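Thanks for making time this morning.

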Amino acid sequence: NKRVKHKTENMMQETFGKALYGWGSNDAAVPKTGIKLVIIGGVAGGASAAARARRLDETCEIVLLQSGPDVSFASCGMPFFIGGEITDRDQMAVQTPESLRKRFNIDVHVNTRVTKIDTDNKTVTATDETQPGSQTTIAYDELVLAVGSEPLKPPIPGIGRKGLFALRNLQDMDAIVEWLNDMPNKCSTCSQYGNKVPLHAVVAGAGFVGLEMVEQLMRRGLEVTVVEMLPQVLGPLDVEMAAIIEDDLKAKGVNVVTGDGIQEFLPFNGNEHGDDPSTVVKLKSGTLLPPAQITILGMGVRPDTKVVAEAGIECTPRGHIVVNDYLQTNKASVWAAGDAIEVLNPIVGNGDKWAVPLAGPANRQGRMIADNIFGGVKKMRKFK
(Lines give C-alpha, C1' and ligand atoms only; values in the text may rest on other atoms or scores of the structure.)
Protein backbone atom coordinates (compact mmCIF):
# COMPACT_ATOMS: atom_id res chain seq x y z
CA ASN A 1 0.00 0.00 0.00
CA LYS A 2 0.97 3.66 -0.28
CA ARG A 3 1.79 3.98 3.42
CA VAL A 4 4.26 1.07 3.36
CA LYS A 5 5.81 2.34 0.11
CA HIS A 6 6.22 5.83 1.54
CA LYS A 7 7.79 4.46 4.74
CA THR A 8 10.24 2.35 2.73
CA GLU A 9 11.23 5.27 0.52
CA ASN A 10 11.75 7.49 3.57
CA MET A 11 13.91 4.83 5.22
CA MET A 12 16.06 4.46 2.11
CA GLN A 13 16.41 8.24 1.79
CA GLU A 14 17.23 8.61 5.50
CA THR A 15 19.76 5.82 5.28
CA PHE A 16 21.64 6.76 2.16
CA GLY A 17 20.39 10.22 1.20
CA LYS A 18 22.72 13.12 0.65
CA ALA A 19 20.25 15.41 2.40
CA LEU A 20 21.03 13.87 5.80
CA TYR A 21 24.68 12.91 5.49
CA GLY A 22 25.93 15.20 2.77
CA TRP A 23 27.57 12.20 1.14
CA GLY A 24 26.78 8.84 -0.36
CA SER A 25 24.46 7.81 -3.15
CA ASN A 26 20.72 8.34 -3.10
CA ASP A 27 20.12 5.00 -4.81
CA ALA A 28 22.59 2.96 -2.76
CA ALA A 29 19.81 0.87 -1.23
CA VAL A 30 18.40 -0.09 -4.63
CA PRO A 31 19.24 -3.76 -5.38
CA LYS A 32 22.01 -4.15 -7.94
CA THR A 33 22.85 -7.09 -10.16
CA GLY A 34 25.54 -7.72 -12.71
CA ILE A 35 27.81 -4.95 -11.43
CA LYS A 36 31.61 -4.90 -11.27
CA LEU A 37 32.78 -4.88 -7.67
CA VAL A 38 36.44 -4.08 -7.00
CA ILE A 39 37.85 -4.74 -3.54
CA ILE A 40 41.22 -3.42 -2.38
CA GLY A 41 42.53 -5.71 0.35
CA GLY A 42 41.91 -9.42 0.69
CA VAL A 43 42.47 -10.41 4.31
CA ALA A 44 39.55 -9.95 6.75
CA GLY A 45 37.11 -7.24 5.61
CA GLY A 46 37.93 -7.55 1.91
CA ALA A 47 37.64 -11.33 1.71
CA SER A 48 34.41 -11.28 3.73
CA ALA A 49 32.91 -8.63 1.44
CA ALA A 50 33.88 -10.67 -1.63
CA ALA A 51 32.42 -13.94 -0.34
CA ARG A 52 29.20 -12.29 0.84
CA ALA A 53 28.82 -10.43 -2.46
CA ARG A 54 29.07 -13.68 -4.40
CA ARG A 55 26.40 -15.29 -2.23
CA LEU A 56 24.10 -12.33 -2.86
CA ASP A 57 24.65 -12.12 -6.61
CA GLU A 58 25.99 -14.86 -8.86
CA THR A 59 26.16 -12.53 -11.87
CA CYS A 60 28.38 -9.74 -10.57
CA GLU A 61 32.07 -9.51 -11.45
CA ILE A 62 34.28 -9.43 -8.36
CA VAL A 63 37.91 -8.33 -8.55
CA LEU A 64 40.07 -8.66 -5.43
CA LEU A 65 43.40 -6.81 -5.27
CA GLN A 66 45.83 -7.84 -2.53
CA SER A 67 49.32 -6.59 -1.80
CA GLY A 68 51.53 -9.55 -0.93
CA PRO A 69 51.11 -13.23 -1.81
CA ASP A 70 48.43 -14.27 0.70
CA VAL A 71 44.69 -13.66 1.05
CA SER A 72 42.27 -14.37 3.87
CA PHE A 73 44.95 -15.59 6.27
CA ALA A 74 44.43 -16.03 9.99
CA SER A 75 46.29 -12.95 11.20
CA CYS A 76 44.97 -13.44 14.73
CA GLY A 77 46.63 -16.86 14.82
CA MET A 78 50.13 -15.68 13.90
CA PRO A 79 51.42 -15.29 17.49
CA PHE A 80 50.12 -18.78 18.28
CA PHE A 81 51.98 -20.31 15.34
CA ILE A 82 55.12 -18.54 16.54
CA GLY A 83 54.61 -20.00 20.00
CA GLY A 84 53.89 -23.49 18.73
CA GLU A 85 50.23 -23.80 19.74
CA ILE A 86 49.36 -23.95 16.04
CA THR A 87 51.72 -26.44 14.42
CA ASP A 88 50.38 -26.69 10.87
CA ARG A 89 51.20 -23.61 8.81
CA ASP A 90 48.52 -24.56 6.28
CA GLN A 91 45.95 -23.81 8.99
CA MET A 92 46.97 -20.15 8.76
CA ALA A 93 45.37 -19.87 5.32
CA VAL A 94 41.58 -19.65 5.62
CA GLN A 95 41.37 -19.34 1.84
CA THR A 96 43.95 -19.25 -0.91
CA PRO A 97 43.85 -17.29 -4.18
CA GLU A 98 43.07 -20.57 -5.94
CA SER A 99 40.24 -21.53 -3.58
CA LEU A 100 38.63 -18.09 -3.86
CA ARG A 101 38.74 -18.33 -7.65
CA LYS A 102 37.34 -21.86 -7.71
CA ARG A 103 34.72 -21.62 -4.98
CA PHE A 104 33.47 -18.06 -5.43
CA ASN A 105 34.48 -17.18 -8.99
CA ILE A 106 36.49 -14.20 -7.76
CA ASP A 107 39.19 -12.66 -9.93
CA VAL A 108 42.03 -12.56 -7.39
CA HIS A 109 45.20 -10.55 -8.01
CA VAL A 110 47.91 -11.08 -5.37
CA ASN A 111 51.19 -9.16 -5.16
CA THR A 112 49.18 -6.23 -6.51
CA ARG A 113 49.44 -2.77 -4.98
CA VAL A 114 46.98 -0.02 -5.85
CA THR A 115 48.79 3.22 -6.60
CA LYS A 116 45.89 5.48 -7.62
CA ILE A 117 42.14 5.73 -7.16
CA ASP A 118 40.09 7.89 -9.55
CA THR A 119 36.62 8.27 -8.08
CA ASP A 120 35.44 10.59 -10.87
CA ASN A 121 36.09 8.02 -13.61
CA LYS A 122 35.60 5.04 -11.28
CA THR A 123 38.95 3.39 -11.89
CA VAL A 124 41.88 2.14 -9.84
CA THR A 125 45.45 1.86 -11.05
CA ALA A 126 47.59 -0.98 -9.75
CA THR A 127 51.09 -2.36 -10.16
CA ASP A 128 52.38 -5.93 -9.96
CA GLU A 129 54.85 -6.03 -7.06
CA THR A 130 56.81 -8.80 -8.78
CA GLN A 131 57.20 -6.71 -11.96
CA PRO A 132 58.40 -3.19 -11.12
CA GLY A 133 57.12 -0.61 -13.55
CA SER A 134 54.07 -2.62 -14.58
CA GLN A 135 50.72 -0.85 -14.46
CA THR A 136 47.10 -1.74 -15.09
CA THR A 137 43.86 0.22 -14.81
CA ILE A 138 40.68 -1.44 -13.58
CA ALA A 139 37.19 0.06 -13.80
CA TYR A 140 34.58 -0.45 -11.09
CA ASP A 141 30.91 0.14 -10.39
CA GLU A 142 31.34 -0.20 -6.62
CA LEU A 143 34.64 0.01 -4.72
CA VAL A 144 35.40 -1.46 -1.29
CA LEU A 145 38.45 -0.21 0.61
CA ALA A 146 39.79 -2.84 3.01
CA VAL A 147 43.34 -1.52 2.88
CA GLY A 148 44.22 -2.44 6.45
CA SER A 149 46.98 -0.99 8.58
CA GLU A 150 50.73 -1.13 8.85
CA PRO A 151 52.92 -1.47 11.96
CA LEU A 152 53.94 1.79 13.55
CA LYS A 153 57.72 2.23 13.52
CA PRO A 154 58.66 5.51 15.18
CA PRO A 155 62.06 7.02 14.35
CA ILE A 156 63.83 5.54 17.37
CA PRO A 157 67.60 5.20 16.95
CA GLY A 158 68.53 1.60 16.21
CA ILE A 159 65.04 0.50 15.17
CA GLY A 160 66.48 -0.98 11.97
CA ARG A 161 68.76 -3.42 13.81
CA LYS A 162 68.63 -7.15 13.11
CA GLY A 163 66.49 -9.09 15.54
CA LEU A 164 63.75 -6.45 15.71
CA PHE A 165 60.48 -7.59 14.16
CA ALA A 166 57.02 -6.22 13.50
CA LEU A 167 54.20 -8.70 12.82
CA ARG A 168 51.82 -7.87 9.99
CA ASN A 169 51.73 -10.84 7.60
CA LEU A 170 52.75 -14.46 7.18
CA GLN A 171 56.17 -13.46 5.87
CA ASP A 172 56.84 -11.56 9.12
CA MET A 173 55.63 -14.61 11.05
CA ASP A 174 57.98 -16.94 9.16
CA ALA A 175 60.91 -14.60 9.72
CA ILE A 176 60.28 -14.52 13.48
CA VAL A 177 60.04 -18.32 13.68
CA GLU A 178 63.25 -18.73 11.68
CA TRP A 179 65.05 -16.24 13.93
CA LEU A 180 63.83 -17.95 17.11
CA ASN A 181 64.81 -21.39 15.85
CA ASP A 182 68.33 -20.18 14.99
CA MET A 183 68.73 -17.85 17.94
CA PRO A 184 70.68 -20.20 20.25
CA ASN A 185 73.32 -20.53 17.53
CA LYS A 186 73.60 -16.76 17.16
CA CYS A 187 73.58 -15.73 20.78
CA SER A 188 76.92 -15.70 22.58
CA THR A 189 75.39 -13.88 25.55
CA CYS A 190 73.43 -17.02 26.36
CA SER A 191 75.34 -19.89 24.77
CA GLN A 192 78.47 -19.14 26.83
CA TYR A 193 76.50 -20.14 29.93
CA GLY A 194 75.03 -23.27 28.38
CA ASN A 195 71.37 -23.72 29.28
CA LYS A 196 71.59 -21.88 32.59
CA VAL A 197 70.60 -18.51 31.18
CA PRO A 198 67.28 -18.34 29.25
CA LEU A 199 67.03 -16.30 26.12
CA HIS A 200 65.46 -12.88 26.64
CA ALA A 201 62.81 -11.14 24.58
CA VAL A 202 61.57 -7.57 24.75
CA VAL A 203 58.06 -6.77 23.52
CA ALA A 204 57.63 -3.07 22.80
CA GLY A 205 53.96 -2.30 23.31
CA ALA A 206 51.36 -3.94 25.56
CA GLY A 207 48.43 -3.93 23.15
CA PHE A 208 46.51 -6.94 21.89
CA VAL A 209 49.21 -8.38 19.65
CA GLY A 210 51.97 -7.42 22.07
CA LEU A 211 50.45 -9.39 24.95
CA GLU A 212 49.74 -12.38 22.71
CA MET A 213 53.41 -12.35 21.76
CA VAL A 214 54.39 -12.13 25.44
CA GLU A 215 52.38 -15.27 26.15
CA GLN A 216 53.75 -17.19 23.19
CA LEU A 217 57.39 -16.22 23.71
CA MET A 218 57.13 -17.42 27.30
CA ARG A 219 55.62 -20.63 25.99
CA ARG A 220 58.83 -21.11 24.02
CA GLY A 221 60.84 -20.74 27.22
CA LEU A 222 62.09 -17.16 26.88
CA GLU A 223 62.24 -14.61 29.63
CA VAL A 224 60.08 -11.67 28.55
CA THR A 225 60.02 -7.96 29.31
CA VAL A 226 57.09 -5.95 28.00
CA VAL A 227 57.48 -2.16 27.74
CA GLU A 228 54.46 0.13 27.49
CA MET A 229 54.65 3.92 27.27
CA LEU A 230 51.14 4.33 28.68
CA PRO A 231 50.63 3.98 32.45
CA GLN A 232 48.83 0.65 31.95
CA VAL A 233 48.75 -2.38 29.68
CA LEU A 234 45.93 -2.66 27.11
CA GLY A 235 45.18 1.04 26.75
CA PRO A 236 41.55 0.63 25.56
CA LEU A 237 40.57 -0.98 28.88
CA ASP A 238 39.55 0.80 32.05
CA VAL A 239 42.46 1.09 34.46
CA GLU A 240 40.82 -1.29 36.97
CA MET A 241 40.57 -4.06 34.35
CA ALA A 242 44.08 -3.43 33.04
CA ALA A 243 45.45 -3.74 36.61
CA ILE A 244 44.07 -7.28 36.85
CA ILE A 245 45.83 -8.26 33.63
CA GLU A 246 49.10 -6.62 34.72
CA ASP A 247 49.01 -8.48 38.05
CA ASP A 248 48.48 -11.75 36.20
CA LEU A 249 51.40 -11.05 33.86
CA LYS A 250 53.70 -10.38 36.80
CA ALA A 251 52.49 -13.50 38.60
CA LYS A 252 53.49 -15.52 35.55
CA GLY A 253 57.00 -14.09 35.57
CA VAL A 254 56.73 -11.32 32.99
CA ASN A 255 58.77 -8.18 33.66
CA VAL A 256 56.19 -5.43 33.07
CA VAL A 257 57.36 -1.86 32.50
CA THR A 258 54.64 0.79 32.15
CA GLY A 259 54.81 4.56 31.93
CA ASP A 260 58.18 4.45 30.21
CA GLY A 261 59.02 4.63 26.53
CA ILE A 262 61.95 3.36 24.48
CA GLN A 263 64.68 5.88 23.76
CA GLU A 264 67.15 3.75 21.80
CA PHE A 265 68.01 0.24 20.62
CA LEU A 266 71.71 -0.32 21.32
CA PRO A 267 74.08 -3.07 20.16
CA PHE A 268 75.30 -5.49 22.84
CA ASN A 269 78.64 -4.40 24.33
CA GLY A 270 78.47 -1.33 22.09
CA ASN A 271 79.78 -3.36 19.15
CA GLU A 272 77.55 -2.57 16.18
CA HIS A 273 79.49 -4.91 13.92
CA GLY A 274 79.98 -7.79 16.36
CA ASP A 275 78.78 -11.34 15.84
CA ASP A 276 76.26 -11.14 18.67
CA PRO A 277 72.90 -9.78 17.41
CA SER A 278 71.55 -9.06 20.89
CA THR A 279 70.01 -5.64 21.49
CA VAL A 280 70.09 -3.56 24.66
CA VAL A 281 66.91 -1.52 24.99
CA LYS A 282 67.45 1.86 26.63
CA LEU A 283 64.33 3.41 28.14
CA LYS A 284 63.55 7.11 28.38
CA SER A 285 64.01 6.87 32.14
CA GLY A 286 67.61 5.86 31.50
CA THR A 287 67.07 2.22 32.43
CA LEU A 288 68.98 -0.35 30.39
CA LEU A 289 67.15 -3.64 29.98
CA PRO A 290 69.08 -6.94 29.89
CA PRO A 291 70.33 -7.87 26.39
CA ALA A 292 67.44 -9.10 24.24
CA GLN A 293 67.98 -11.73 21.59
CA ILE A 294 64.70 -10.78 19.92
CA THR A 295 62.55 -7.65 20.11
CA ILE A 296 58.94 -7.52 18.94
CA LEU A 297 57.70 -4.11 17.83
CA GLY A 298 54.06 -3.92 18.88
CA MET A 299 53.86 -0.14 19.19
CA GLY A 300 50.55 0.06 17.42
CA VAL A 301 49.41 0.40 13.84
CA ARG A 302 48.46 3.18 11.48
CA PRO A 303 45.99 2.98 8.60
CA ASP A 304 47.53 2.29 5.20
CA THR A 305 45.57 5.07 3.53
CA LYS A 306 48.06 7.28 1.67
CA VAL A 307 46.57 6.41 -1.75
CA VAL A 308 43.05 6.74 -0.34
CA ALA A 309 43.66 10.28 0.93
CA GLU A 310 45.30 11.27 -2.36
CA ALA A 311 42.04 10.32 -4.11
CA GLY A 312 40.11 12.94 -2.13
CA ILE A 313 38.42 10.36 0.10
CA GLU A 314 37.96 11.99 3.48
CA CYS A 315 40.32 10.80 6.22
CA THR A 316 40.89 11.90 9.81
CA PRO A 317 44.09 13.67 10.88
CA ARG A 318 45.42 10.25 11.95
CA GLY A 319 44.67 8.81 8.52
CA HIS A 320 41.54 6.76 9.20
CA ILE A 321 38.86 6.76 6.51
CA VAL A 322 35.72 8.64 7.50
CA VAL A 323 32.54 6.60 6.99
CA ASN A 324 28.91 6.99 7.94
CA ASP A 325 26.86 4.41 9.83
CA TYR A 326 26.48 2.41 6.62
CA LEU A 327 30.24 2.37 5.91
CA GLN A 328 29.98 4.75 2.95
CA THR A 329 32.78 7.24 2.36
CA ASN A 330 32.29 10.79 1.09
CA LYS A 331 32.66 9.53 -2.49
CA ALA A 332 29.77 7.85 -4.30
CA SER A 333 30.04 4.08 -4.67
CA VAL A 334 33.09 3.89 -2.39
CA TRP A 335 32.86 1.94 0.87
CA ALA A 336 35.41 1.15 3.58
CA ALA A 337 35.91 -1.44 6.31
CA GLY A 338 38.45 -2.81 8.75
CA ASP A 339 41.58 -1.41 10.37
CA ALA A 340 41.59 1.69 8.16
CA ILE A 341 38.25 3.16 9.31
CA GLU A 342 37.11 4.99 12.39
CA VAL A 343 33.65 4.22 13.77
CA LEU A 344 31.45 5.45 16.58
CA ASN A 345 32.17 3.83 19.92
CA PRO A 346 29.14 1.50 20.22
CA ILE A 347 29.27 1.24 24.01
CA VAL A 348 29.91 4.77 25.22
CA GLY A 349 27.35 6.22 22.79
CA ASN A 350 28.51 9.83 23.24
CA GLY A 351 29.62 10.45 19.68
CA ASP A 352 33.24 9.50 20.32
CA LYS A 353 34.93 7.63 17.51
CA TRP A 354 37.64 5.01 17.71
CA ALA A 355 39.53 2.60 15.51
CA VAL A 356 39.29 -1.12 16.20
CA PRO A 357 42.08 -2.91 14.30
CA LEU A 358 40.73 -6.41 14.90
CA ALA A 359 39.63 -9.13 12.50
CA GLY A 360 36.20 -9.72 14.05
CA PRO A 361 34.81 -6.23 13.40
CA ALA A 362 36.47 -6.15 9.97
CA ASN A 363 34.75 -9.38 8.92
CA ARG A 364 31.35 -8.11 10.04
CA GLN A 365 31.89 -4.78 8.31
CA GLY A 366 32.85 -6.48 5.05
CA ARG A 367 29.67 -8.55 5.06
CA MET A 368 27.61 -5.48 5.92
CA ILE A 369 29.01 -3.53 2.99
CA ALA A 370 28.12 -6.35 0.61
CA ASP A 371 24.60 -6.44 2.02
CA ASN A 372 24.18 -2.70 1.51
CA ILE A 373 25.62 -2.73 -2.01
CA PHE A 374 23.16 -5.41 -3.05
CA GLY A 375 20.04 -3.83 -1.62
CA GLY A 376 20.24 -4.19 2.14
CA VAL A 377 19.84 -1.39 4.66
CA LYS A 378 22.24 -2.22 7.48
CA LYS A 379 24.00 0.18 9.81
CA MET A 380 26.59 0.01 12.55
CA ARG A 381 24.95 -1.05 15.78
CA LYS A 382 24.81 1.25 18.77
CA PHE A 383 24.19 0.35 22.41
CA LYS A 384 22.21 2.61 24.69
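What follows covers salt bridges, then a pair of helices, and then the strands.

Before the details, please keep in mind that this is a predicted model, in which local features need pLDDT of at least 70 and side-chain atom pairs count only at pLDDT 80 or more, while totals for chains, interfaces and linings use all residues. Residues are numbered from 1 along each chain as its sequence is written, and side-chain values use heavy atoms, with hydrogens and water left out.

Let me begin with the salt bridges, where the criterion is a side-chain nitrogen of Lys or Arg within 4 Å of a carboxyl oxygen of Asp or Glu. The search of the whole structure finds 12 of them. One of these joins aspartate 371 to arginine 52, with 2.7 Å between the closest N and O atoms. The two residues are 319 apart in the chain, aspartate 371 lying in helix 11 (residues 359-373) and arginine 52 in helix 3 (residues 45-56); here helices are DSSP runs of H or I with at least four residues, strands are runs of E with at least two, and both are numbered from the N terminus. Aspartate 371 is buried at 8% relative accessible area, whereas arginine 52 is partly exposed at 27%, where buried means under 20%, exposed over 50% and partly exposed in between, using a 1.4 Å probe and protein chains only.

Glutamate 246 is buried, at 13%, and lysine 250 is partly exposed, at 44%. Elsewhere, Arg113, Glu129, Arg168 and Asp304 are linked in a network of salt bridges.

Now back to helix 3 and helix 11, which pack at an angle of about 35° with axes 7 Å apart; the axes are lines fitted to C-alpha atoms over the stretch in contact, and angles run from 0 to 180 degrees between N-to-C directions. Which residues make the contact? Helix 3 contributes Gly45, Ser48, Ala49, Arg52, Ala53 and Leu56, and helix 11 contributes Ala362, Asn363, Gly366, Arg367, Ala370 and Asp371, with contact meaning heavy atoms within 4.5 Å.

Turning to the strands, five of them form an open sheet in the order 9-15-10-11-12 with parallel pairing, where two strands pair if DSSP finds at least two bridges between them. Strand 9 (164-165) and strand 12 (255-258) are the edges, each pairing on one side only. Helix 6 (residues 170-186) packs on this sheet, touching strand 9 and strand 15 (294-297), and its direction makes about 160° with that of strand 15. Between strand 10 (residues 200-204) and strand 11 (residues 223-228) there are five bridges, and alanine 204 has valine 227 as its bridge partner in strand 11.

Finally, consider strand 7 (residues 142-145), which is covered on both faces: Glu142 and Val144 on one side, and Leu143 and Leu145 on the other, are all buried.
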